[in-house]
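Got a minute to look at a pocket and what sits in it? Here's the structure, and after it a quick tour.

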Amino acid sequence: MGEAPAFLVDDLQDGPLSGLELNNGACKTTTMVGDKTYVIVGAGDGTLSIDVQIFDRSLGEWVHPTVLGNKPSSCKGHSAVLFENRILVLKKGSKPDDQIWFLEVDTQYVRQQRKKLGTEVVAWSKGVIGNVERPVVISGPSGVGKGTLISMLMKEFPSMFGFSVSHTTRAPRNMEKDGVHYHFTDKSVMEKEIKNGKFLEFASVHGNLYGTSVEAVEVVADSGKRCILDIDVQGARSVRASSLEAIFIFISPPSMEELEKRLRDRGTEAEEQILKRLRNAEAEIEQGKSSNVFDFTLYNDNLEECYERLKKLLGLDGFVTPQKSAAPREINLPMDHSVSKVDDKIIINCISSELENESKNLIMLDVSSIKGGAPGRTRGLDFQVID
Ligand SMILES: Nc1nc2c(ncn2[C@@H]2O[C@H](COP(=O)(O)OP(=O)(O)O)[C@@H](O)[C@H]2O)c(=O)[nH]1
Ligand SMILES: Nc1ncnc2c1ncn2[C@@H]1O[C@H](COP(=O)(O)OP(=O)(O)O)[C@@H](O)[C@H]1O
(Lines give C-alpha, C1' and ligand atoms only; values in the text may rest on other atoms or scores of the structure.)
(Ligands and ions follow the chains in the order given, each with its own letter.)
Protein backbone atom coordinates (compact mmCIF):
# COMPACT_ATOMS: atom_id res chain seq x y z
CA MET A 1 0.00 0.00 0.00
CA GLY A 2 1.35 3.39 -0.99
CA GLU A 3 1.96 6.19 1.43
CA ALA A 4 -0.94 8.63 1.55
CA PRO A 5 -0.22 12.06 0.15
CA ALA A 6 -0.69 15.20 2.21
CA PHE A 7 -4.46 15.37 2.06
CA LEU A 8 -7.29 13.22 3.32
CA VAL A 9 -9.25 10.52 1.58
CA ASP A 10 -12.38 12.47 2.57
CA ASP A 11 -11.30 15.14 0.13
CA LEU A 12 -11.71 12.76 -2.75
CA GLN A 13 -15.16 13.61 -3.98
CA ASP A 14 -15.31 13.96 -7.76
CA GLY A 15 -14.38 17.40 -8.99
CA PRO A 16 -13.86 20.24 -8.39
CA LEU A 17 -13.36 21.03 -12.02
CA SER A 18 -11.45 24.16 -11.22
CA GLY A 19 -8.63 23.35 -8.83
CA LEU A 20 -9.26 23.57 -5.10
CA GLU A 21 -6.67 25.58 -3.28
CA LEU A 22 -5.12 23.72 -0.36
CA ASN A 23 -3.74 25.28 2.85
CA ASN A 24 -0.16 25.22 1.64
CA GLY A 25 -1.05 27.11 -1.53
CA ALA A 26 -1.10 23.93 -3.60
CA CYS A 27 -3.89 23.27 -6.05
CA LYS A 28 -5.60 19.91 -6.33
CA THR A 29 -8.13 18.35 -8.67
CA THR A 30 -9.73 14.95 -8.32
CA THR A 31 -11.18 13.03 -11.24
CA MET A 32 -12.94 9.69 -11.01
CA VAL A 33 -12.40 7.09 -13.70
CA GLY A 34 -14.01 3.74 -12.90
CA ASP A 35 -12.85 2.62 -9.45
CA LYS A 36 -9.95 5.02 -9.43
CA THR A 37 -9.66 8.61 -8.34
CA TYR A 38 -6.88 10.52 -10.06
CA VAL A 39 -5.54 13.29 -7.89
CA ILE A 40 -3.48 15.93 -9.64
CA VAL A 41 -1.62 18.26 -7.31
CA GLY A 42 0.32 21.34 -8.33
CA ALA A 43 2.11 23.68 -5.97
CA GLY A 44 0.79 27.22 -6.14
CA ASP A 45 4.09 28.80 -5.15
CA GLY A 46 5.80 27.49 -8.26
CA THR A 47 8.33 25.44 -6.32
CA LEU A 48 6.92 22.03 -7.17
CA SER A 49 5.58 20.82 -10.44
CA ILE A 50 2.41 18.89 -11.02
CA ASP A 51 2.22 15.45 -9.39
CA VAL A 52 -0.21 12.55 -9.85
CA GLN A 53 -1.56 10.12 -7.25
CA ILE A 54 -4.23 7.48 -7.68
CA PHE A 55 -6.63 6.28 -5.03
CA ASP A 56 -8.09 2.87 -5.82
CA ARG A 57 -11.51 2.96 -4.16
CA SER A 58 -12.17 -0.76 -4.61
CA LEU A 59 -8.99 -1.63 -2.68
CA GLY A 60 -9.03 1.43 -0.42
CA GLU A 61 -5.37 2.04 -1.29
CA TRP A 62 -3.14 4.68 -2.77
CA VAL A 63 -1.35 3.55 -5.91
CA HIS A 64 1.85 5.18 -7.11
CA PRO A 65 1.78 5.15 -10.91
CA THR A 66 4.69 5.12 -13.32
CA VAL A 67 4.35 8.54 -14.91
CA LEU A 68 5.48 8.55 -18.54
CA GLY A 69 6.31 11.56 -20.71
CA ASN A 70 7.59 14.93 -19.62
CA LYS A 71 5.24 16.30 -17.01
CA PRO A 72 4.00 19.88 -17.15
CA SER A 73 6.14 22.46 -15.40
CA SER A 74 4.79 24.21 -12.32
CA CYS A 75 1.95 26.69 -12.68
CA LYS A 76 -0.28 28.93 -10.61
CA GLY A 77 -3.11 26.42 -10.42
CA HIS A 78 -4.96 24.19 -12.81
CA SER A 79 -8.37 22.89 -13.72
CA ALA A 80 -9.20 19.40 -14.95
CA VAL A 81 -11.98 17.50 -16.67
CA LEU A 82 -12.28 13.94 -17.92
CA PHE A 83 -12.45 13.63 -21.67
CA GLU A 84 -12.79 10.07 -22.97
CA ASN A 85 -9.84 8.13 -21.56
CA ARG A 86 -7.72 11.14 -20.69
CA ILE A 87 -7.92 14.01 -18.23
CA LEU A 88 -7.69 17.42 -19.83
CA VAL A 89 -5.61 19.68 -17.59
CA LEU A 90 -5.61 23.43 -18.16
CA LYS A 91 -2.71 25.21 -16.48
CA LYS A 92 -3.33 28.65 -15.07
CA GLY A 93 -0.94 31.52 -15.64
CA SER A 94 1.07 29.64 -18.27
CA LYS A 95 2.05 30.71 -21.76
CA PRO A 96 -0.46 29.94 -24.54
CA ASP A 97 1.74 27.16 -25.92
CA ASP A 98 1.99 25.48 -22.51
CA GLN A 99 -1.49 25.66 -21.06
CA ILE A 100 -3.25 22.57 -22.44
CA TRP A 101 -2.15 19.15 -21.20
CA PHE A 102 -3.61 15.66 -21.21
CA LEU A 103 -3.03 13.04 -18.54
CA GLU A 104 -3.78 9.81 -20.37
CA VAL A 105 -5.26 7.28 -17.96
CA ASP A 106 -6.57 4.54 -20.22
CA THR A 107 -5.56 5.17 -23.82
CA GLN A 108 -4.15 2.44 -26.05
CA TYR A 109 -0.59 3.61 -25.28
CA VAL A 110 -1.19 3.58 -21.52
CA ARG A 111 -2.73 0.10 -21.67
CA GLN A 112 0.24 -1.18 -23.69
CA GLN A 113 2.76 0.31 -21.28
CA ARG A 114 0.85 -0.98 -18.24
CA LYS A 115 1.14 -4.48 -19.66
CA LYS A 116 4.80 -4.02 -20.55
CA LEU A 117 5.92 -2.43 -17.27
CA GLY A 118 3.58 -4.39 -14.98
CA THR A 119 2.69 -1.26 -12.98
CA GLU A 120 -0.09 1.30 -12.94
CA VAL A 121 0.74 3.81 -15.68
CA VAL A 122 -0.34 7.31 -16.64
CA ALA A 123 1.17 9.38 -19.45
CA TRP A 124 1.42 13.12 -19.99
CA SER A 125 0.91 14.57 -23.42
CA LYS A 126 1.02 18.25 -24.24
CA GLY A 127 -1.83 19.65 -26.32
CA VAL A 128 -0.91 21.45 -29.53
CA ILE A 129 -3.28 23.92 -31.13
CA GLY A 130 -3.67 23.37 -34.86
CA ASN A 131 -2.37 20.58 -36.99
CA VAL A 132 1.17 19.45 -37.65
CA GLU A 133 1.58 16.98 -40.48
CA ARG A 134 1.94 13.32 -39.60
CA PRO A 135 5.45 12.07 -38.71
CA VAL A 136 7.34 10.17 -41.42
CA VAL A 137 8.97 6.82 -40.63
CA ILE A 138 11.72 5.77 -43.05
CA SER A 139 13.09 2.23 -42.97
CA GLY A 140 15.25 0.08 -45.18
CA PRO A 141 18.44 -1.97 -45.13
CA SER A 142 21.78 -0.52 -44.16
CA GLY A 143 23.38 1.35 -47.08
CA VAL A 144 20.20 1.76 -49.13
CA GLY A 145 20.32 5.57 -48.86
CA LYS A 146 17.92 6.45 -46.02
CA GLY A 147 20.31 8.94 -44.43
CA THR A 148 21.15 10.49 -47.80
CA LEU A 149 17.46 11.02 -48.69
CA ILE A 150 16.64 12.41 -45.26
CA SER A 151 19.58 14.85 -45.44
CA MET A 152 18.39 16.08 -48.85
CA LEU A 153 14.90 16.65 -47.46
CA MET A 154 16.11 18.49 -44.38
CA LYS A 155 18.47 20.63 -46.48
CA GLU A 156 15.77 21.67 -48.93
CA PHE A 157 13.04 22.17 -46.30
CA PRO A 158 14.84 23.12 -43.09
CA SER A 159 11.84 24.84 -41.51
CA MET A 160 9.53 21.97 -42.28
CA PHE A 161 11.21 18.81 -41.03
CA GLY A 162 12.91 17.88 -37.79
CA PHE A 163 14.92 14.70 -37.27
CA SER A 164 14.14 12.39 -34.37
CA VAL A 165 17.57 11.82 -32.81
CA SER A 166 17.72 8.18 -31.69
CA HIS A 167 19.75 6.64 -28.89
CA THR A 168 22.22 3.92 -29.79
CA THR A 169 24.88 1.77 -28.13
CA ARG A 170 26.97 1.57 -31.32
CA ALA A 171 30.20 3.58 -31.47
CA PRO A 172 30.10 6.91 -33.32
CA ARG A 173 31.49 7.05 -36.85
CA ASN A 174 34.12 9.65 -37.73
CA MET A 175 31.81 12.47 -38.77
CA GLU A 176 28.97 11.68 -36.38
CA LYS A 177 28.16 14.11 -33.58
CA ASP A 178 26.57 13.17 -30.28
CA GLY A 179 23.10 14.71 -30.00
CA VAL A 180 22.91 15.41 -33.73
CA HIS A 181 23.12 12.05 -35.52
CA TYR A 182 22.49 9.93 -32.42
CA HIS A 183 22.59 10.13 -28.67
CA PHE A 184 25.48 7.72 -28.12
CA THR A 185 25.04 5.82 -24.91
CA ASP A 186 26.15 2.80 -22.85
CA LYS A 187 24.28 -0.48 -22.96
CA SER A 188 23.68 -0.59 -19.20
CA VAL A 189 22.33 2.99 -19.17
CA MET A 190 20.06 2.36 -22.13
CA GLU A 191 18.74 -0.89 -20.68
CA LYS A 192 17.82 0.93 -17.48
CA GLU A 193 16.13 3.73 -19.41
CA ILE A 194 14.17 1.17 -21.43
CA LYS A 195 12.85 -0.29 -18.15
CA ASN A 196 11.85 3.20 -17.00
CA GLY A 197 9.70 3.69 -20.09
CA LYS A 198 11.89 6.34 -21.74
CA PHE A 199 11.51 4.87 -25.23
CA LEU A 200 8.66 4.96 -27.68
CA GLU A 201 10.30 1.95 -29.36
CA PHE A 202 13.63 0.17 -29.30
CA ALA A 203 15.25 -2.77 -31.07
CA SER A 204 18.46 -4.70 -31.29
CA VAL A 205 19.85 -4.08 -34.80
CA HIS A 206 23.12 -5.52 -36.22
CA GLY A 207 24.22 -6.33 -32.65
CA ASN A 208 23.53 -2.93 -31.05
CA LEU A 209 20.59 -1.34 -29.27
CA TYR A 210 18.74 1.51 -30.99
CA GLY A 211 15.73 3.39 -29.67
CA THR A 212 13.53 6.42 -30.19
CA SER A 213 12.92 8.26 -26.94
CA VAL A 214 9.54 9.86 -26.36
CA GLU A 215 11.41 13.13 -25.88
CA ALA A 216 13.11 12.90 -29.30
CA VAL A 217 9.69 12.98 -30.95
CA GLU A 218 8.28 15.62 -28.58
CA VAL A 219 11.16 18.03 -29.21
CA VAL A 220 10.40 18.03 -32.92
CA ALA A 221 6.65 18.38 -32.39
CA ASP A 222 7.26 21.36 -30.09
CA SER A 223 9.30 23.10 -32.76
CA GLY A 224 6.21 22.91 -34.99
CA LYS A 225 8.06 20.72 -37.49
CA ARG A 226 7.19 17.41 -39.09
CA CYS A 227 9.13 14.61 -37.44
CA ILE A 228 11.27 12.20 -39.51
CA LEU A 229 12.28 8.89 -37.96
CA ASP A 230 15.06 6.71 -39.47
CA ILE A 231 14.41 3.36 -37.78
CA ASP A 232 14.64 -0.31 -38.63
CA VAL A 233 11.76 -2.61 -39.61
CA GLN A 234 11.20 -3.86 -36.03
CA GLY A 235 11.02 -0.26 -34.80
CA ALA A 236 8.61 0.64 -37.59
CA ARG A 237 6.35 -2.22 -36.50
CA SER A 238 6.36 -0.98 -32.89
CA VAL A 239 5.58 2.58 -33.96
CA ARG A 240 2.78 1.30 -36.17
CA ALA A 241 1.24 -0.34 -33.10
CA SER A 242 1.62 2.85 -31.02
CA SER A 243 -0.54 5.94 -31.05
CA LEU A 244 1.95 7.92 -33.13
CA GLU A 245 0.06 8.14 -36.40
CA ALA A 246 2.81 8.24 -39.00
CA ILE A 247 3.41 7.58 -42.69
CA PHE A 248 5.61 4.51 -43.18
CA ILE A 249 8.00 4.42 -46.13
CA PHE A 250 10.30 1.53 -46.98
CA ILE A 251 13.37 2.26 -49.10
CA SER A 252 14.44 -0.69 -51.23
CA PRO A 253 17.73 -1.16 -53.13
CA PRO A 254 17.77 -1.93 -56.87
CA SER A 255 19.75 -5.14 -56.14
CA MET A 256 21.81 -6.84 -53.44
CA GLU A 257 24.96 -6.23 -55.51
CA GLU A 258 24.31 -2.48 -55.60
CA LEU A 259 23.54 -2.46 -51.87
CA GLU A 260 26.87 -4.17 -51.15
CA LYS A 261 28.70 -1.69 -53.38
CA ARG A 262 27.14 1.29 -51.56
CA LEU A 263 27.96 -0.14 -48.14
CA ARG A 264 31.57 -0.85 -49.14
CA ASP A 265 32.04 2.50 -50.90
CA ARG A 266 30.69 4.35 -47.85
CA GLY A 267 33.67 2.95 -45.99
CA THR A 268 32.21 3.34 -42.50
CA GLU A 269 32.05 -0.31 -41.44
CA ALA A 270 34.59 -3.07 -40.90
CA GLU A 271 34.29 -6.20 -43.05
CA GLU A 272 32.55 -8.20 -40.32
CA GLN A 273 29.87 -5.47 -39.89
CA ILE A 274 29.37 -5.20 -43.66
CA LEU A 275 28.70 -8.93 -43.88
CA LYS A 276 26.32 -8.81 -40.93
CA ARG A 277 24.41 -5.89 -42.45
CA LEU A 278 24.15 -7.65 -45.81
CA ARG A 279 22.88 -10.84 -44.16
CA ASN A 280 20.26 -8.85 -42.25
CA ALA A 281 19.30 -6.89 -45.39
CA GLU A 282 17.67 -9.90 -47.04
CA ALA A 283 15.31 -10.47 -44.12
CA GLU A 284 14.61 -6.74 -43.80
CA ILE A 285 13.69 -6.44 -47.49
CA GLU A 286 11.47 -9.49 -47.15
CA GLN A 287 9.70 -7.96 -44.15
CA GLY A 288 9.45 -4.61 -45.88
CA LYS A 289 7.63 -6.28 -48.77
CA SER A 290 5.42 -8.70 -46.93
CA SER A 291 4.48 -6.96 -43.69
CA ASN A 292 1.53 -4.64 -43.62
CA VAL A 293 3.56 -2.00 -41.80
CA PHE A 294 4.57 0.14 -44.76
CA ASP A 295 2.31 2.45 -46.72
CA PHE A 296 4.82 2.96 -49.55
CA THR A 297 7.97 1.38 -51.01
CA LEU A 298 10.46 3.55 -52.86
CA TYR A 299 13.21 2.02 -55.03
CA ASN A 300 16.39 3.97 -54.60
CA ASP A 301 18.05 3.31 -57.94
CA ASN A 302 18.74 6.78 -59.28
CA LEU A 303 19.09 9.07 -56.27
CA GLU A 304 17.58 12.21 -57.81
CA GLU A 305 14.57 10.31 -59.16
CA CYS A 306 14.01 8.58 -55.84
CA TYR A 307 14.20 11.92 -54.03
CA GLU A 308 11.61 13.41 -56.39
CA ARG A 309 9.27 10.47 -55.70
CA LEU A 310 9.77 10.91 -51.96
CA LYS A 311 8.85 14.59 -52.22
CA LYS A 312 5.78 13.69 -54.24
CA LEU A 313 4.67 11.25 -51.56
CA LEU A 314 5.01 13.98 -48.96
CA GLY A 315 3.11 16.49 -51.08
CA LEU A 316 6.20 18.61 -51.80
CA ASP A 317 6.45 18.22 -55.54
CA GLY A 318 5.04 21.63 -56.56
CA PHE A 319 7.20 24.54 -57.67
CA VAL A 320 5.95 26.73 -54.85
CA THR A 321 8.07 26.74 -51.73
CA PRO A 322 5.85 25.18 -49.08
CA GLN A 323 4.69 27.64 -46.47
CA LYS A 324 4.23 26.70 -42.86
CA SER A 325 0.55 26.34 -42.13
CA ALA A 326 -1.26 29.44 -40.91
CA ALA A 327 -0.42 30.42 -37.34
CA PRO A 328 -2.83 28.67 -35.01
CA ARG A 329 -5.27 30.66 -32.95
CA GLU A 330 -3.61 31.70 -29.74
CA ILE A 331 -5.68 32.33 -26.64
CA ASN A 332 -4.31 33.35 -23.28
CA LEU A 333 -6.62 31.70 -20.76
CA PRO A 334 -7.25 33.93 -17.74
CA MET A 335 -6.26 32.78 -14.26
CA ASP A 336 -9.86 32.74 -13.21
CA HIS A 337 -11.61 30.05 -15.21
CA SER A 338 -13.39 26.77 -14.82
CA VAL A 339 -13.78 23.94 -17.28
CA SER A 340 -16.60 21.52 -17.95
CA LYS A 341 -17.62 18.90 -20.47
CA VAL A 342 -20.93 19.44 -22.18
CA ASP A 343 -21.85 16.56 -24.49
CA ASP A 344 -18.67 16.04 -26.46
CA LYS A 345 -17.51 19.62 -26.08
CA ILE A 346 -15.12 21.19 -23.60
CA ILE A 347 -16.38 24.54 -22.37
CA ILE A 348 -14.07 26.96 -20.59
CA ASN A 349 -15.81 29.58 -18.54
CA CYS A 350 -13.55 32.61 -18.23
CA ILE A 351 -14.41 35.07 -15.52
CA SER A 352 -12.50 38.30 -15.77
CA SER A 353 -13.62 40.44 -12.83
CA GLU A 354 -12.35 43.93 -13.34
CA LEU A 355 -14.23 45.92 -10.71
CA GLU A 356 -16.87 47.70 -12.79
CA ASN A 357 -16.77 45.65 -15.87
CA GLU A 358 -17.55 42.09 -14.90
CA SER A 359 -17.80 39.99 -18.00
CA LYS A 360 -18.12 36.33 -18.70
CA ASN A 361 -16.65 34.67 -21.70
CA LEU A 362 -17.21 31.18 -22.92
CA ILE A 363 -14.57 29.48 -24.96
CA MET A 364 -15.02 26.10 -26.58
CA LEU A 365 -11.97 23.90 -26.87
CA ASP A 366 -12.63 21.83 -29.96
CA VAL A 367 -11.41 18.31 -29.25
CA SER A 368 -13.47 16.59 -31.92
CA SER A 369 -10.53 15.99 -34.22
CA ILE A 370 -7.65 15.38 -31.86
CA LYS A 371 -4.86 13.20 -33.15
CA GLY A 372 -1.83 11.54 -31.66
CA GLY A 373 -1.41 11.67 -27.93
CA ALA A 374 1.22 10.19 -25.65
CA PRO A 375 3.93 9.56 -26.59
CA GLY A 376 4.46 12.71 -28.57
CA ARG A 377 1.83 15.39 -28.57
CA THR A 378 -1.94 15.62 -28.77
CA ARG A 379 -2.55 17.61 -31.92
CA GLY A 380 -5.53 19.03 -33.75
CA LEU A 381 -6.97 21.17 -30.94
CA ASP A 382 -8.74 24.41 -31.69
CA PHE A 383 -10.32 27.23 -29.69
CA GLN A 384 -13.64 28.85 -30.57
CA VAL A 385 -14.84 31.89 -28.68
CA ILE A 386 -18.59 31.72 -28.03
CA ASP A 387 -20.22 35.16 -28.21
N1 LIG B 1 14.35 0.51 -34.07
C2 LIG B 1 15.21 1.52 -34.27
N3 LIG B 1 16.09 1.44 -35.27
C4 LIG B 1 16.92 2.49 -35.46
C5 LIG B 1 16.90 3.64 -34.65
N6 LIG B 1 17.84 4.50 -35.09
C7 LIG B 1 18.42 3.91 -36.14
N8 LIG B 1 17.88 2.70 -36.38
C9 LIG B 1 18.18 1.74 -37.44
O10 LIG B 1 19.35 1.02 -37.11
C11 LIG B 1 19.96 0.58 -38.30
C12 LIG B 1 21.43 0.85 -38.24
O13 LIG B 1 21.67 2.22 -38.24
P14 LIG B 1 23.15 2.78 -38.36
O15 LIG B 1 24.03 2.06 -37.39
O16 LIG B 1 23.11 4.26 -38.27
O17 LIG B 1 23.62 2.28 -39.80
P18 LIG B 1 23.15 2.63 -41.28
O19 LIG B 1 21.72 2.32 -41.44
O20 LIG B 1 24.03 1.72 -42.08
O21 LIG B 1 23.46 4.07 -41.54
C22 LIG B 1 19.23 1.28 -39.44
O23 LIG B 1 18.30 0.34 -39.99
C24 LIG B 1 18.48 2.39 -38.77
O25 LIG B 1 17.29 2.69 -39.46
C26 LIG B 1 15.94 3.67 -33.59
O27 LIG B 1 15.81 4.63 -32.83
N28 LIG B 1 15.13 2.60 -33.45
N1 LIG C 1 20.72 6.18 -55.33
C2 LIG C 1 21.99 6.08 -54.97
N3 LIG C 1 22.91 5.73 -55.89
C4 LIG C 1 24.20 5.58 -55.54
N5 LIG C 1 24.69 5.77 -54.29
C6 LIG C 1 23.79 6.11 -53.33
C7 LIG C 1 22.42 6.26 -53.61
N8 LIG C 1 21.79 6.60 -52.46
C9 LIG C 1 22.73 6.63 -51.50
N10 LIG C 1 23.95 6.36 -52.02
C11 LIG C 1 25.22 6.24 -51.29
O12 LIG C 1 25.17 5.00 -50.61
C13 LIG C 1 25.80 5.08 -49.34
C14 LIG C 1 24.82 4.66 -48.25
O15 LIG C 1 23.84 5.65 -48.13
P16 LIG C 1 23.27 6.06 -46.70
O17 LIG C 1 22.37 7.22 -46.91
O18 LIG C 1 24.38 6.21 -45.73
O19 LIG C 1 22.43 4.74 -46.34
P20 LIG C 1 21.62 4.30 -45.04
O21 LIG C 1 21.37 5.54 -44.25
O22 LIG C 1 20.36 3.71 -45.57
O23 LIG C 1 22.47 3.31 -44.35
C24 LIG C 1 26.29 6.52 -49.18
O25 LIG C 1 27.67 6.57 -49.47
C26 LIG C 1 25.46 7.28 -50.22
O27 LIG C 1 26.17 8.39 -50.71
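What follows covers the pocket, then each ligand in turn.

A quick word on ground rules: this is a predicted model, where local features need pLDDT of at least 70, side-chain atom pairs count only at pLDDT 80 or more, and totals for chains, interfaces and linings use all residues. Residues are numbered from 1 along each chain as its sequence is written, chains are lettered from A and ligands numbered from 1 in the order in which they are written, and side-chain values use heavy atoms, with hydrogens and water left out.

**The pocket**

The largest pocket comes in at about 1100 Å³ (the space filled by probe spheres set on grid points, which are joined across faces, edges and corners). A pocket here is an open set of points on a 1 Å grid over the protein atoms alone, where a 1.4 Å probe fits, with protein on both sides within 12 Å along at least five of seven lines; lining residues have an atom within 4 Å of a point. Of its 42 lining residues, Gly 147, Arg 173, Tyr 182, Asp 230 and Arg 266 are closest to the centre. Helix 2 is the top contributor to that lining, with six residues (helices are DSSP runs of H or I, at least four residues; strands are E runs of at least two, both numbered from the N terminus).

**Ligand 1**

Ligand 1 has 20 residues around it, and Ser 142, Ser 166, Arg 170, Tyr 182 and Tyr 210 come nearest (near means a heavy atom within 4 Å). Strands 15 and 16 each put at least two residues into that shell.

| Residue | Ligand | Distance |
|---|---|---|
| Arg 170 side chain | ligand 1 | 2.6 Å |
| Arg 173 side chain | ligand 1 | 3.0 Å |
| Arg 277 side chain | ligand 1 | 2.7 Å |
| Gly 143 backbone | ligand 2 | 2.8 Å |
| Lys 146 side chain | ligand 2 | 2.8 Å |
| Thr 148 side chain | ligand 2 | 2.5 Å |

Taken alone, ligand 1 exposes 570 Å², and the protein buries 96% of that (Shrake-Rupley, 1.4 Å probe).

**Ligand 2**

Ligand 2 also exposes 570 Å² alone, with 74% of that buried by the protein. Among the 15 residues around ligand 2, the nearest are Gly 143, Lys 146, Thr 148, Arg 266 and Asn 300. Helix 2 (146-156) and helix 6 (256-266) each supply at least two residues of this shell.

Definitions and conventions. Polar contact = N/O pair within 3.5 Å; in protein donor to acceptor, adjacent residues only side chain to side chain.
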